[in-house]
Amino acid sequence: MTAPISEQLDDPTSEREEGQRKMAWARQHMPIMARLRDQFEQTQPFAGERIGMAMHVEAKTAVLAEVLAAGGAEVAISGCNPLSTHDDVSAALDAVDGVTSYARRGVDDEAYYEAIEAVIGHEPTVTVDDGGDLVFAIHEDHPDLIDGIVGGCEETTTGVHRLRSMTEDDAL
């Protein structure tokens with residue numbers, strides 16, 4: 001199984017510090033997320049949920065993952081595109097309580113799908129996907145997890161088209 005990013009980097013401390021700086025800047029410009037975080041910390045709407053994410057791992061996405069964890073979720077995240085991942089943000093995210101990040105910039109196809117599998121290894125009850133690779137992998141390789149998934153979100157038109165195609169084929 002793929003290791004979290006903090007175990008993959010040569011200097012995770014300096015990467016983490018730079019990523020934390022970027023996340024702090026993003027938080028300053030996301031006031032609604034700050035309000036949601038305050039509310040979620042009190043109400044714990046995701047307590048007991050395991051959220052599997054395959055997203056562009058950058059500062060704004062990291063703030064979302066952080067807020068979901070503050071709401072009680074265990075969050076596992078991987079990138080949805082190896083060229084869009086920010087290793088420093090991934091390292092900072094991996095240091096957040098309740099979050100494990102497997103995202104790494106520039107990985108080959110094999111490492112990309114190993115990271116998706118690592119997220120699936122957390123047995124998500126909620127999926128947040130960009131492009132459908134996470135949902136497709138669950139349906140194709142881990143159908144035993146489907147009944148435990150209570151919800152999901154797809155952020156792209158491409159992913160929505162893939163899901164509609166799965167629905168038409170009775171595969172979703």
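This is a predicted model: local features need pLDDT of at least 70, side-chain atom pairs count only at pLDDT 80 or more; totals for chains, interfaces and linings use all residues.
**View 1. The salt bridge between E18 and R21 in helix α1**. The closest N and O atoms of E18 and R21 are 2.4 Å apart. Because E18 and R21 stand three residues apart in helix α1, which covers residues 12–28, about one helical turn separates them. E18 has a relative accessibility of 30% and therefore counts as partly exposed.

**View 2. The salt bridge between D88 and K22**. The side chains of these two residues meet at 2.8 Å, taken from N to O. D88 belongs to helix α4 (residues 87–94) and K22 to helix α1, so the pair ties together parts of the chain that are 66 residues apart in sequence. D88, at 9% relative accessibility, counts as buried, whereas K22, at 24%, counts as partly exposed.

**View 3. The salt bridge between R104 and D87**. Here the closest N and O atoms are 3.5 Å apart. The pair links distant parts of the chain, with R104 in the loop between β3 (99–101) and α5 (109–120) and D87 in helix α4, 17 residues away. R104 is partly exposed, its relative accessible area being 27%, while D87 counts as buried because its relative accessibility of 16% falls under the 20% cut-off.

**View 4. A network of salt bridges joining R27, R37, E41 and E66**. In total, the structure holds eight salt bridges.

Terms used
Residues are numbered from 1 along each chain as its sequence is written. Side-chain values use heavy atoms; hydrogens and water are left out. A salt bridge is a side-chain nitrogen of Lys or Arg within 4 Å of a carboxyl oxygen of Asp or Glu. Helices (H or I, at least four residues) and strands (E, at least two) are DSSP runs, numbered from the N terminus. Buried means under 20% relative accessible area, exposed over 50%, partly exposed in between (1.4 Å probe, protein chains only).
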